[in-house]
Amino acid sequence: MSQILVNGLLTGGLYALVAVGFSLVWGVMNVVNIAHASYIMLGAYITYWLFHLYGLDPFLSIPVSMAALFLLGYAVGSLVLNRVVRFGLVMTLVLTFGIDMILQNGALLLWSADYRSITPAYAGQGLAAGGVMIPYVRLAVFVLAVLFVALFSLFLSRTRMGNAIKATALNPFAAELNGVRIQRVYALTYAIGAALAAAAGSMVSVVYTIHPQVGNVFLTRAFVITVLGGLGSIPGALLGGVILGLAESLATVTVGIGWSEAISFTLLVAILIVRPQGLLGKRFFGGVG
Amino acid sequence: MNGSSMGRRGAGLILGAVVLAALVLPPFYLSGYWVRVITGLLMYGALASAINIMVGLAGYPALGNIVFFGTGAYTVAVLMVKADTPFFLALAVAGVVAAVYAALLGAAVLRLRGAYFSIATIGINHATSELVTNLDGLTGGGRGTIVPFFPGSIEAERMFFYFLMLALMLLATGTVYLISRNRLGYGLRAIKADEQAASVMGVNTTRYKVLAWTISAGLTGLVGGAYAYWLAFLEPPYVFDIVMSVKVYIMAILGGAGTVIGPVVGAFFLELLSELIWGRFLEAHMLVLGIVVVLVVLFVPRGFVDLAGRLARALAGGSASRRAEGVRSDG
Amino acid sequence: MYDDRSDPQTSVRLTTRLITEDGVRFIFGPYSSGITNATSAIGERYRVITIATTANAPDLYERGYRYLFGTLPLATTYLHPVLEMAAALPEPPEKVAIITPENLFAIAAAEGARQKAEELGLKVVYFARYPQDTTDVSSLLSAIRDAGADMLLSTGFLQDGMLIVRQAKELRYNPKIMGFTVAASIPDFRTNLGRDAEGIMGGEWWAPSMAWEDDFFGSASQYAEEFEQRFGYVPTYHAASSSIGGYLLQLAIERAGTLDTEAVRRELLALDEVTMFGPIRFSDKGVNEASSAAGFQIQDGQIVLLWPEDISEGSLVYPKPGW
Amino acid sequence: MGDRALLVGRGVTRYFGGVAAVTDVDFEVREGEVLGLIGPNGAGKTTLMNLISGLIPLSKGEMVFDGRRLNGLGPWDVARLGIARTFQIVKPFAGMTLRENVALGAMFAREGRGVPARQALEVAAEVLETVGLGDRMNAHANELTIALRKRLELARALALKPRLLLLDEVMAGLNLKEIERLIELIRTINASGVTIVVIEHVMKAIMAISHRIVVLHYGRKIAEGTPEEVARDERVITAYLGRRFGQGKGA
């Protein structure tokens, strides 16, 4: 049983990192960013190719994938998304769905549907503690994921840019009156969201098998976690990630693994109805009538 | 009624006759492949019209509406396979089951607005798909389920499904037309514009929203049921397919959400384009479709009907009054 | 030949196009049992023979179709050689766990394995289906380990197969036998997993090292060499099965002396051949009932055929080496 | 104007997450009168109006309209009983012509016996005529000036054929001339037998049209009476101008 809990916890850490960028973009820009799935996938491929072509350790390639996706995110945010944000959430949702189709199918053409994986020397090694196995890689992923989430939280509260992002999230009009350049904040927020997705993707590539659609499963998790934790809430994403990881893990041994997705999506709908601001979050946008 | 509107009515009748002929004649002249392609267009036209009731009229982005397609499809499959139900009876039940499902969900889910509602519908679709997968004793689960064949010759089958889908499309589009001329349509448009204002004007917003979703779901369920019989084989991912759902949504937007004919135009356009793209770019088909989606959002966010209206006004010069053609949409 | 994007709507439309626009009389089915289910229905209606070369879920052949032929034995028998090998051991494993993704073909193989295991007196202590796109089976494996299973069979595909091996290693779960269906025979499985693939067993419909041969292709290994020269990679059973499907159709047409569907169908049913793909004889339902899967183990990164005993190229490493 | 109470509120209270926006307010609206509702910003005027029109439920207390309890009714039920309202920030239905905007009210009018769409459009034309928008029936709301939008809002409410009309700051943002014309219109409407409750910041206007006035402060009713009585009330002066000033004047 304790093994089940450890599994769930370790998975939950990664889920949290997957969700935090998604939650940020939704909370600040009011954009449900379907392309998040592709950014995770691209992060994973960058790490894969750096490992395979240059032998770069997957954990060391995280900054590279983050930087690359930051640039891509900034470009998409400023050139495409900013033009459509005012049309409202549903239009941007459809738009990012289109972007996601382009990136995923582009990756399919470039790299084929082949399954690929990274196996560094330390893969599969682990720590045995009282009959519970803690694989090093997954532990590292967990620690890094939590660290990223914490650093990001500091960035939001301690830097000028972070404060501008928060102000924009709370009230874009007021922020604009106070001299915040909304368009720039949006582009940056989107870029940061993409970079966080890339970090998650790099870690996904060490733990899982990668292919052009690898991001989709994580996107559905990000949905559930964001709703669970509250839009734009960073502690919420962390808590939501861990809760979902544990819930899935427990569902596997109780009702059967087949039901775990049905359960998490029923949970999603139920939380939306009962507590749309999430467990920890404030409601930034929309909500209940 | 003055002379010019009589003239317009006459022109409308002629146009209607031409359109009707264009819809009825194809299966008698085209090959099996093209009949199948057009049957597919009609199916998408019906789905786009059905989602239009929610998206275009009520302004509720039911992005996961495909859940009723899957529900309808599986209702027909289970009834025909497990209970030897005749097809049309099963189809009717499929429409009812989907409608009732929406009515039950609606009371709770329609309290959500905008993206929250969208995401709830996506979640419902996913949860329902998983449920169908897990109820494998009834549905065959991940193994899928085989629906009995249409009993009759190939030609009869071709005609049957062509006219079945045509009938469903006309039913769906006709429903949108009727709704938009009626109190329900006005009420829904008021809800779309401002729900609070609508409610103090006497519109029972809760009932109207649930009613709209029930009708939309019922129509979508009927189309799903017909699809099950047409394809003769179902797996949950095929009929609870979120990509298909978004495609239908885009069709409605592209043609003009809220207009009567726009979504059908959008459906025909996108499906035909899809067919053509597919022929030219075997590998990159989905990629090109993604580009189309992005371009639509960037450049035609209010749809073709709105675009055509604006073009017509521009051509007619500034003197043309801003008259609504049919039911106007407003983002 | 059209690319169907693995979507049933498109597959069905293309099948119709082949038949009604291009006048095709014989069709080689698409990849995967699910889609074949949909396209063969079209073939059946138009009385066009479909030769399914990679689709062998039993459901396909239980519909009473007249024009559907499958070159592979039924998927239910996929893991039989692994189970037979296990049962023949002096100290066989005691408890078996079987897991399968939600997929027509995979479930058929898993159900077939469960039945066979029970016939052979092996106790199935765990049986589960998991979502096809799962990303985490660690808790599933923990539960299997807790159930005390010392033999793990999975009918997953490449992605989930690799995930199972990696996470079993992370958890230090060491069953005496680990057996896979299609995943283990795909070269990427071995190249991606490296040493972790050692000792993993599997069922295999065909391999270049098999001793089968015929007049047209020569031996299985000759076929494989020629194939590799032309396409640049070593053929798996998918390729060989497709080649043999074409060959059989050609034979049947030659013997019928006409392209008439009914005549060709009669000749296909009458076939009783030994080919480089093994023996082939179609049952009334259109299934190849003459052949069966071979059992193998991955040893030093190579597939070593071990079962049935008369084709054995080596000896079984048992229990599977620990992580 | 009679003395019969058309709408009665007893102990009307509304909390928002523990904070009281309206506390224990008793009030009555008499048949045929124009009742002014005033108070500083945040006094709870609009909340009270939202409570009457059923947009938000009561936390405590009850309201009775012409013998029928309003508690638990949806805003549409309230509207169909004959209570119409306008919003402080106008809410025209985008995408509809003025005529369609107004027709909507007729369609869902009193007692739910609204008329079919075609007939409602006829009614709408008449109503638009009475508010002076008869010549712009096919225009869209976003083409109107703010003053005309307020008139549209009023026309829409009138199409419901209300017995009680709630007007939430219909004069805000208008110039003097426009205000005068609107006052004239409100008087005409009142003269036709419609009881009216007005929230207004333009003091001159509210003093001019109201028969009686209720003053709210921090969610409580602090005064009630004719415009003259209220204007002399010390608590009202304190509330509007600050404690010291009020006390000083009283002393």
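**Helix packing, chain contacts and confidence in a predicted complex**

Helices α4(B) and α11(B) are oblique to each other. The model in which this packing is seen is a predicted one. Helix α4 of chain B covers residues 66–83 and helix α11 of chain B covers residues 205–231; their axes come within 6 Å and cross at roughly 50 degrees. The crossing of α4(B) and α11(B) is right-handed. On the side of α4(B), the contact is formed by B:F68, B:F69, B:G70, B:T71, B:G72, B:A73, B:T75, B:V76 and B:A77. The residues supplied by α11(B) are B:A217, B:T220, B:G221, B:L222, B:V223, B:G224, B:G225, B:Y227, B:A228 and B:Y229. Sorted by class, the residues of this contact comprise 11 nonpolar and eight polar, with no charged residue.

Helix α6 of chain A (residues 160–170) and helix α8 of chain A (residues 182–207) have axes that come within 10 Å and cross at roughly 105 degrees. Helices α6(A) and α8(A) are therefore roughly perpendicular to each other. In this contact A:M161, A:A164, A:I165 and A:T168 of α6(A) meet A:I182, A:V185, A:L188 and A:T189 of α8(A). Six of the residues in the contact of α6(A) with α8(A) are nonpolar and two are polar, and none is charged.

Chain A as a whole has 11 helices and two strands. In sequence order these elements follow the pattern α-α-α-α-β-β-α-α-α-α-α-α-α. The radius of gyration of chain A is 18 Å, close to the 19 Å that the globule rule gives for 289 residues, so chain A is as compact as a globular protein of that length. The C-alpha trace of chain A spans about 60 × 45 × 35 Å along its principal axes.

Contacts between chains were then considered. Four pairs of chains are in contact, and of these, chains A and B share the most contacts. At this interface, 37 residues of chain B are in contact with 37 residues of chain A. On the side of chain B that touches chain A, at least two residues each come from α5 (87–109), α6 (114–134), α13 (242–255) and α15 (285–299) of chain B. Helix α6(B) provides the largest share of this side, 14 residues. The side of chain B that touches chain A is made up of 24 nonpolar, eight polar and five charged residues.

Chain C also touches chain A, with 27 residues of chain C in contact with 25 residues of chain A. Elements of chain C that each supply at least two residues of the side that touches chain A are β5 (123–130), α6 (138–146), α7 (158–170) and α9 (187–193). Helix α7(C) gives the most to this side of chain C, with seven residues. By class, the side of chain C that touches chain A has 10 nonpolar, seven polar and 10 charged residues.

Two pairs of chains involving chain D lack contacts. No contact joins chain A and chain D, and the closest C-alpha atoms of these two chains lie 10 Å apart. Chain C and chain D likewise have no contact between them, and their closest C-alpha atoms lie 38 Å apart.

For the complex, the predictor gives an ipTM of 0.84 and a pTM of 0.86. Chain A averages a pLDDT of 87, with 95% of the residues scoring at least 70. Over residues 283–289 of chain A, however, pLDDT stays under 50, and the model has 20 contacts beyond four places in sequence for this stretch. Where pLDDT is low, the predicted coordinates should not be read in detail.

In chain C the average pLDDT is 88, and 98% of the residues score at least 70. Chain D has a mean pLDDT of 87, and 93% of its residues reach 70 or more. Confidence in chain D is lowest in helix α10 (residues 243–250), at a mean of 46, and highest in strand β8 (residues 195–199), at 95. Over residues 246–251 of chain D the pLDDT is below 50, and this stretch has six contacts in the model beyond near neighbours in sequence.

Definitions and conventions
Residues are numbered from 1 along each chain as its sequence is written. Chains are lettered from A and ligands numbered from 1 in the order in which they are written. This is a predicted model: local features need pLDDT of at least 70, side-chain atom pairs count only at pLDDT 80 or more; totals for chains, interfaces and linings use all residues. Two residues are in contact if their C-beta atoms, placed from the backbone, lie within 7 Å. Helices (H or I, at least four residues) and strands (E, at least two) are DSSP runs, numbered from the N terminus. Ala, Val, Leu, Ile, Met, Phe, Trp, Tyr, Cys and Pro count as nonpolar, Asp, Glu, Lys and Arg as charged, and the others, Gly among them, as polar. pLDDT is the predictor's confidence in each residue, from 0 to 100. Axes are lines fitted to C-alpha atoms, for helices over the stretch in contact, and angles run from 0 to 180 degrees between N-to-C directions. Angles under 35 degrees count as roughly parallel, over 145 as roughly antiparallel, 65 to 115 as roughly perpendicular and the rest as oblique. A crossing is left-handed if the near helix is turned anticlockwise from the far one by less than a right angle, and right-handed if clockwise. The radius of gyration is taken over C-alpha atoms; the globule rule is 2.2 Å times the number of residues to the power 0.38.
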